[in-house]
Amino acid sequence: MEPIRDTHATLVDLLDRILDKGIVIYADVIVSVAGIPLIGVNLRAALAGMETMLKYGVMVDWDEKSRAWEREHRKKKVVPLMEGEEIVLKMFGSQLYSEGIYTAWRQGQLHLTDKRLLLYQKDFDEILFQTPLEKIRGMVIRKEKHFTKEEVEVLYLLFQDNRVAQFRTVDIYRLKEAIEERMKVKGLTLEENPILPGFDRRVLKFVRGEEKVAHISEMWCQPLIQTSGGILNDVWNPGSLYLSDQKLCWQHHFNEKTTVEIPLDELTDMKIQIRDLGGVLKKKKLLVVSCNGTETCFSGEEEKICQWEKTLNKIMSKQGTQLEMETCPQCGEKAPTDGLLEKGCSKCGWVSPKLREEVVETVV
Amino acid sequence: MLDNNKPEVVVANEVKAESKGEGRYLYCVADNGERADLGKIGLDGKEVYTIPLADLCAVVHNCPSEPYKSEDQEVVKRWVMTHEKVVEIAGERFGTVLPLGFDTIIKGEEDISPEENIKNWLKQDYANLKEKMNKVRDKAEYGVQIFWDPKFITDEITKTSEEIKSLNQDIISKPKGMAYMLKPKLENLLKKEMEKKADLCSKDFYARIKKCVFEIRVEKTKKTDEKRQMLMNLSCLVGKEKSKELGEELQKISEQEGFFVRFTGPWPPYSFVAFG
């Protein structure tokens, strides 16, 4: 075997020797940096990573590319505004995003301009939410319990189409005032003490046809699936349970299939059970509904279970097959009386004067 | 700062007090008391000459007393290679040389020129330098790096180790879950066997190489790619007549399946001249 000494192939071997080795002079007559004898001290920086570079050969190129990429991405991102649009107020904030069972407060920079309210996520250069000011019908600030058990004030924006959006920010009142001021400048009026629709619009999208919804909420359902071993399927699925003037239905959030459908006259029994659901979910209240001998279990927040208990009891006690119906005074749609009076109209957002007073009281 | 138009000082000891900013870039110390001019072969084409003291001389060029630095890697590469070239030329001309690392610059002081400082150093370290000179005389440095292909070695161990063979059998026959649990055990066992094998091989190679060389320095191994793992990294001081023998021994090692040898040199004896 012959040793190699080709200058390019052995540059790294040479560097290993020439930078770290050779005679070391212990004398103060040697040029040094802060007392360290200078043997390539300054070059070390320039040479760092050189070995890797040589190994890959094209490092110089690659490095330039990565620098260019970095430059591009370091560029200060600016919120995309329309021509002539001016920012009135800018603050960090978040908006409640909800799709199916998934909800999250999405954070970004809230920008109030002379035309829009928008939530901009700088890192992803994405507008998470935006609305023209003209679309805002009213605003309400509500105190809500945060999951940390603290009370948080949430700004609800009610839009012309009855949609609702929720925002949080450090100074929520300043945001509200700024929006009000901007609306005034534009000659737009806001409804005084607007009432938020009692129905969550996003669960209502599951209801189709002519059904008139009396009660609806997100509930977990344990479908009774008999497996070959005779064991009940123990899977809880997210979905929406709703009561209409005709039936009690539950619809799966993801596949959007109505897997539970009980005509009201076939509803034979309803009871509350207490069970351990596994994990930390101990002694939880369950809603058990019977129809033709089959039982279906629903779980969810205790408050919701109690509401369902009340609602279903009412129906069962009436022994009636029909829900009491009433016409909405605003849009003329037929709707179950209880729902209409206690929550407002699911179609147009009308709220009874009595309820309006109650809500105003709780808000103020 | 160095004035490029200033005539190069070839006979340095005539100059008593040079400006304080002057320095001498040191390439090597040669085993020869000759005062000589080697021409414009230095860094950036500088004139290289010797500063003799008794039967030794320092090979230098004139420069400002501040380090060479550049952001440009090409420039740095060129400098490093030039440094090496000068040491080689000095070696050819003067015989034995003790190389210095890159960017070693001796400065002047008030009333003392850089030349005098160099001479003082040569005088002071004379015995030591002479001792080193004798050690490296008629020898050269070679780099020996031995690699192995970890995949090949793993396969080999898997084939020969009874323990691993039976564990492998277990994994194949057990249900998925069990097999999953056994895998880390197998990996651990393999790792240990690999370490054992690496230790054994290293000792064997070291002993075989030692026979052909004067002195060995064990250097740190480096990370390389997955296919070639560095097993050992050696600097060897080898007598001129012995280098062929070393090459033959390395040839044998490299012929073993799964092993690779990188044999570089001859280098000036950078690794065998450090004091202390």
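Trainee: How many bridges join β1(B) to strand β4 of chain B?

Mentor: This is a predicted model, where local features need pLDDT of at least 70, side-chain atom pairs count only at pLDDT 80 or more, and totals for chains, interfaces and linings use all residues. Residues are numbered from 1 along each chain as its sequence is written, chains are lettered from A and ligands numbered from 1 in the order in which they are written, and side-chain values use heavy atoms, with hydrogens and water left out. Strands (E, at least two residues) and helices (H or I, at least four) are DSSP runs numbered from the N terminus, and two strands pair if DSSP finds at least two bridges between them. β1(B) and β4(B), residues 56-64, run antiparallel, and the number of bridges joining them is 8.

Trainee: Which residue of β5(B) stands opposite Cys28(B)?

Mentor: β1(B) also pairs with β5(B), residues 97-99, in the antiparallel sense over 3 bridges. There, Cys28(B) faces Pro99(B).

Trainee: Why is β1(B) largely enclosed by the rest of the structure?

Mentor: Buried means under 20% relative accessible area, exposed over 50%, and partly exposed in between (1.4 Å probe, protein chains only). β1(B), residues 22-30, is largely enclosed because the buried share of its residues is 9 of the 9.

Trainee: Is Asp111(B) buried or exposed?

Mentor: Asp111(B) is found in the loop between β6 and α2 (114-124) of chain B. It has a positive phi of about 70° although it is not a glycine. Its relative accessibility is 61%, so Asp111(B) counts as exposed.

Trainee: What is the omega of the cis peptide bond that joins Gly265(B) and Pro266(B)?

Mentor: Pro266(B) has its place in strand β10 (residues 259-267) of chain B. The omega of the cis bond from Gly265(B) to Pro266(B) is about -5°.

Trainee: Which residue in the turn between β8(A) and β9(A) has a positive phi?

Mentor: β8(A) and β9(A), residues 164-169, pair in the antiparallel sense over 4 bridges. The two strands form a hairpin, with 4 residues between them. The turn residue with a positive phi, about 75°, is Asn162(A).
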